[in-house]
Amino acid sequence: MSDCDHKGHGPSWLGAGFMRSLEAFPDRAAIEVNGAPVSYDELFHRANSLSNTLNKLSLEGEPPLTAVLASRSITAFAGILAALLRGHGYVPLNPAFPAERSGYMLKQAGCRVVIIDALGEVGLEDLLQGIDQRLTLVFPEHDNGEELRQRFPSHDVITGGQLVSEDDYTTPEVDGDDIAYLLFTSGSTGKPKGVMVSHANVARFLEVMQTRYGLGETDRLSQMFDMVFDLSVFDIFMAWSVGACICCPNPREVLIPADYIRQSEITVWFSVPSVGVLLKRLRQLEEGAFPKLKLSLFCGEALPADVAQSWAKAAPNALLENLYGPTEVTLACTSYRWQGEKSIEECANNLVPIGAPYPGMEAIIVDEELREVTPGESGELLMSGPQVALGYWQDPEKTAAAFVTNVKGEGVYYRTGDLVRKDPGSNQILYLGRIDDQIKVHGMRVELGEIEALLKDATGGARVVALGWPISDNGFGGIAAFVECEEMDKSAII
């Protein structure tokens, strides 16, 4: 039996890395929020207090999922860790998302508990509209329980002062195939679909990344992604697995992070290529600009070759890699290491290759009939291996359509929907675009069909067409939509 099959506090459990670092480096910073460090010991006690409090409740019919409505706050990280300490998977909700969308995700996930930070509290009334079942709302940063109970009479409220303080800790019973996190992605029918990623999926990904990069407790990792973006999983759990620190920039620093990289002494950078595109345009990628970076990673959208070249010069002491991978294949499943002039020759259409599969992963390129194409021909990329997710939450029809088994051998292959080809000379996979209407906007997957369905519902328009616009080197800067109707209530679409 492999480690992934063991119950309890084994390597497959997503919280295992944090617990090892807690034991080895209790006083080191686990996170740094607004410039203030929080140690592994302090973060554990915050999370354990939440976990113990929630475990004392009797929540009949509760699924093994805990929602966290928070963003780059101490509560956000403590909430995620608390969910794992409960033996639950976590369901991140972005306070900046439209309330109706987040409410739909919460309702679909069936979570009975929501952990909320100050930002998440702002639009909570709107988010909870349409939620029929009684929830337990946890406000670790709030002490006025009476005020909150008046605001949310249909739900149970727990404030920071009500959290239990005892330090006892019981290892949760977790299987490698249990859900580690549930992330909702854009859906073509107008409804987000939840991707179930297992503990074993993430454990394999982290193992590959640590073998590849050899990070340690003195590293400082950037945290440029909101928790609803699966790339945040690398920042959080890669750092916690080695005792390193997650460094959270404020909203201004997220937009233009050059000074933050230097001032916070970031050693591991991870972002969508759009950030590099912007810094290049602002002329902030001067040669030697980021001398302390030792690793630069880009993922989430196509990486322009000229941006990679400029970033490599700005961070001369860092490895630079272009990663590729849908949420359904656990963050990233192929990678390409930038090698200067050699890489420039291997690029196509000014885009850096997405490289070769991770160890244990298999990539095949197929035609419309799911038959492998001749090397050098373009086709849809299919991925198989230990990082392929469990499927879509409570949606067997979509799972069967995207996770196919009738391709090659006995493995499950995920249909990425990405058009690629393998260069016969370099043997590297080149990204060419999409085979459907999905686009990337600053690294986030957007189904144009979802936008069209929502606009049609909001406006009553006879026909709606959504397009990616404006076009950029690595995708699209936003979305433009055209609605055919005699009159339109603009407030309905804002």
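C247 is buried, with a relative accessible area of 0%; buried means under 20% relative accessible area, exposed over 50% and partly exposed in between, with a 1.4 Å probe and protein chains only. The model is predicted, so local features need pLDDT of at least 70 and side-chain atom pairs count only at pLDDT 80 or more, while totals for chains, interfaces and linings use all residues. Residues are numbered from 1 along each chain as its sequence is written, and side-chain values use heavy atoms, leaving out hydrogens and water.

C347 is also buried, at 17% relative accessible area. A search of the whole structure turns up zero disulfides, a disulfide being a pair of cysteine sulfur atoms within 2.5 Å. For C247, the nearest cysteine sulfur belongs to C245 and is 4.1 Å away.

Next come the nonpolar cores, which are sets of buried Ala, Val, Leu, Ile, Met, Phe, Trp, Tyr and Cys residues joined through side-chain atoms within 4.5 Å. The largest has 121 residues, of which F234, W240 and W311 touch the most other members. Apart from this core lies another, of 26 residues, including L65 and F139. In soluble globular proteins, nonpolar side chains tend to be buried together. Leaving aside residues up to four places away in sequence, F234 is in contact (heavy atoms within 4.5 Å) with partners including F205, M209, F270 and L331.

Finally, S198 is buried, with a relative accessible area of 1%. With residues up to four places away in sequence not counted, S198 touches G176, D177, D178, I179, A180 and L390.
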